[in-house]
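This briefing covers side-chain contacts, grouped by topic. Please read it alongside the sequence and the coordinates.

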Amino acid sequence: MTKYLSTLVLIFFCYSLHAQTSEKSFVVKETNDKITPDGILDEPGWETAEQADQFWQYFPLDTVQSKKQTEIKMLFDNDNLYVGITIYTSGNDYSIQSLKRDFRAGNSDNITLLFDTFNDGNNAFLFGINPYGVRREGLVSGGGLNLNGFTISWDVKWRGDSKIYDGYYTSEMVIPLTAFKFKEGETKWRFNSYRFDTQSNENSTWMNIPQNQNIYGLTFMGDMIFEKPLGKYRTPLAIIPYVNLGSQKDFELNEGNTKFNVGGDAKIAIGNSMNLDVTINPDFSQVEVDDQVTNLTRFEVSLPEKRQFFIDNSDLFGSFGGGRDANPFFSRRIGIAKDTADNAIENKIIGGVRLSGKVTQGLRLGFLNLQTEEDLEQNIASNNNTMLALQQNVFGRSNIGMFFINRQTFEDYEFQDPDDRYNRVAGIDYNLISDNNVWNGKFYLHKSFAHNAGKANLSSGAFMQYNSRNWNFFEDVVYIGEDFRSDLGFIRRTDIFKSATMIERVFWPEDSALQSHSFQFFPVMTWSPENDFLHTDYDLMGAWESKFNDQSEINVSYTHSYTYLFDEFDPTDLDDAIPLPNEVGYHYNYVSLEYQSDSRKRFAYSISPTMGSFFNGDRFSVGAEMYLRFQPKVFLSLVMNYDKISLPEPYSSTDIWLISPKIDVTFSKSIFWSTLVQYSNQRDNLGFNSRLQWRFAPLSDLFIVYNDNYFVNSFEPKYRSINLKLTYWLNI
């Protein structure tokens with residue numbers, strides 16, 4: 001496997017050419033004006049500022065200029081970057097999801113700016129605004145190749161607003177230079193902007209981006225040239241204390257308590273390029289509750305990280321290995337542990353530090369250390385969790401990364417197996433991004449260390465993708481040894497050699513209701529090396545995907561699957577069910593259909609039925625999502641999944657329901673109320689989560705969060721809590 005990886009790396013080194021060709025640029029002039037971000041471009045400096053204009057269509061075509069144009073002007077001084085935007089529209093019937101910050105962009109009118117401050121094509125800061133002046137900010141990593149490198153969970157202080165006129169609206173932004181990281185003395189940043197215009201049914205970008213590339217990708221960017229070099233700005237210090245008063249009751253144990261917690265975070269800038277985050281007694285009670293999912297597989301499901309402490313530069317820690325099968329670091333492992341009944345529960349974090357950013361123009365450093373608290377009643381040890389990561393740019397936008405992870409218990413616990421006292425993982429990754437993003441790939445080799453571990457302790461993989469306008473192809477090869485172990489990672493299963501191949505032919509018809517359509521063939525094969533390479537699993541999928549000019553989509557697929565069970569397995573997850581026997585292979589087939597309506601509309605929906613065989617029985621499933629907007633104040637959504645599993649006697653059959661209605665009410669830009677109800681008979685839980693948030697100052701909030709959980713069949717209470725939490729963001 002190592003020889004195979006080495007050969008592939010050498011073959012594709014030649015594709016790692018520098019891809020940042022800039023075709024457009026503008027000058028950012030210095031100003032002495034006092035600019036008020038009220039959305040009205042009436043300051044004198046805007047009259048002389050150069051502008052980025054002549055936007056190109058990205059959807060429905062990518063070969064013509066935008067029908068409704070956008071003009072972006074920028075100025076700067078020693079403290080701030082000022083942005084003035086004029087956005088022309090065909091009317092004033094704007095689509096807005098809500099007045100809440102960090103909105104979803106794809107189904108509403110808005111504009112987003114991307115700043116690649118280190119000119120490396122790998123990472124960028126994102127700032128966006130809509131016609132109502134609602135703002136969002138985020139981070140793009142990994143070149144923007146996929147959604148894993150896009151997050152709007154990152155927060156930073158800045159100001160902005162919009163003003164609506166007849167046939168256009170204007171926006172103003174004042175972004176502190178301390179919100180960015182950049183090299184002292186820099187004179188140029190790479191820049192791009194993308195805009196969603198629901199009335200003209202067009203998406204547009206400043207730089208012309210082919211439709212086979214992501215709209216937020218960092219390959220195609222122009223230049224913003226500063227009139228004078230940027231200096232070393234004042235080192236900011238942000239202190240974010242919190243106070244939380246909470247009451248909770250566990251009805252199963254008939255235990256209740258009231259807690260009063262005090263803690264907080266600190267954000268310390270180190271030079272222009274590094275950031276140190278410190279947390280003491282962190283509390284995540286205000287974080288949105290996880291969406292429940294129906295799991296019909298034998299394996300764990302990963303859920304996204306939503307805790308603010310782990311977001312900044314998260315790609316530097318979490319992008320090693322293969323995200324689906326072999327991710328050595330998964331931040332959600334920290335702060336979660338298994339109780340004596342093998343249930344996942346919160347494991348309190350005592351405190352920790354997190355250092356991340358650029359050491360030099362091409363070298364990034366990440367260091368994380370967190371200590372979790374012991375819970376002797378649940379046989380949970382106190383652990384120290386550490387990760388060190390280095391990433392060096394090579395050959396333009398490609399990079400080589402190295403890491404070391406250590407999870408260790410320093411005390412001796414009677415209940416703890418000696419083999420579990422420490423776990424360490426070290427590894428190296430090579431990430432390839434080639435000219436114009438046609439080729440990209442990943443090659444990695446990781447090794448774990450644990451007490452009395454076996455010799456099959458390697459994890460390695462090779463991924464290579466070719467992405468052109470008409471043809472897409474990727475090959476993903478993964479090996480995970482039986483003894484490989486990463487306690488802070490997400491490893492679905494060990495002892496596998498897996499190959500996943502995707503071949504896609506894309507068509508772009510002219511003068512048609514179809515914007516594009518494609519045919520895919522997607523085989524996935526898995527073998528067990530420790531069992532003489534027994535062929536344990538395969539999925540052979542063929543699919544037709546289509547996108548229409550009205551932004552609706554239809555996808556149809558057929559899959560033939562094979563699964564060999566090493567262990568008994570009950571797909572119904574019923575307490576008294578007879579599991580399917582082990583050491584047996586199962587062949588089954590199913591067909592799936594998915595339709596998604598035009599998401600720009602006030603009412604939008606998607607539906608995805610699946611029908612076919614399942615192990616030794618049959619399955620019928622249907623998933624549906626519905627959205628209704630009473631804009632801009634109220635947004636209603638409903639997610640529903642139904643699975644009917646029919647297995648022959650004596651095995652069980654069941655109907656699995658997951659129903660999740662949600663209501664979001666934005667009374668203003670500072671007061672938000674959100675309630676999520678989740679009914680899952682697979683988890684035997686009916687949960688209510690209601691959160692009232694008052695943003696009384698920038699990034700400073702008062703939360704009231706109510707949680708209530710019931711058993712489904714008896715409707716008896718299971719767990720209930722209420723929290724009153726105050727956080728305040730203080731810049732010093």
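Phe 635 is buried in this predicted model, with a relative accessible area of 8%. Its aromatic partner is Tyr 627, which is partly exposed at a relative accessible area of 24%.

**Aromatic pairs**

- The total for the structure is 48 aromatic pairs.
- One of them joins Phe 180 and Trp 189, with ring centres 4.9 Å apart and planes at 55°, so this pair counts as tilted.
- Both Phe 180 and Trp 189 are buried.
- Tyr 627 and Phe 635 make a stacked pair, at 5.9 Å centre to centre and with 20° between the planes.
- The angle of 20° falls under the 30 degrees that the stacked class requires.

**Charges over rings**

- Arg 135 lies over the face of Trp 158, and the distance to the ring centre is 5.3 Å.
- Arg 307 has its charged end over the ring of Phe 284, 5.2 Å from the centre of that ring.
- Arg 307 also takes part in a salt bridge, with Glu 305 as the partner.

- Searching the whole structure gives 31 salt bridges.
- Among them is the bridge between Asp 116 and Arg 190, whose closest N and O atoms are 2.8 Å apart.
- Asp 116 belongs to strand 6 (residues 110-116) and Arg 190 to strand 12 (residues 188-197), so their contact ties together parts that are 74 residues apart in sequence.
- Asp 116 and Arg 190 are both buried.
- In the bridge between Arg 307 and Glu 305, the closest N and O atoms are 2.9 Å apart.
- Arg 307 has a relative accessible area of 9%, so this residue is classed as buried.
- Glu 305 is buried as well, with a relative accessible area of 17%.

- Are Arg 485 and Asp 487 buried or partly exposed? Arg 485 counts as partly exposed, at 23% relative accessibility, and Asp 487 is also partly exposed, at 26%.

Methods:
Residues numbered from 1 in each chain as written. Predicted model: local features only at pLDDT ≥ 70, side-chain atom pairs only at ≥ 80, totals over all residues. Heavy atoms only, no water. Salt bridge = Lys/Arg side-chain N within 4 Å of Asp/Glu carboxyl O. Helix = DSSP H or I, 4+ residues; strand = E, 2+ residues; numbered from the N terminus. Buried < 20%, exposed > 50% of the residue type's maximum accessible area, 1.4 Å probe, protein only. Phe/Tyr/Trp six-rings, centres within 6.5 Å; stacked < 30°, edge-to-face > 60°. Lys NZ or Arg CZ within 6 Å of the ring centre and 35° of its normal.
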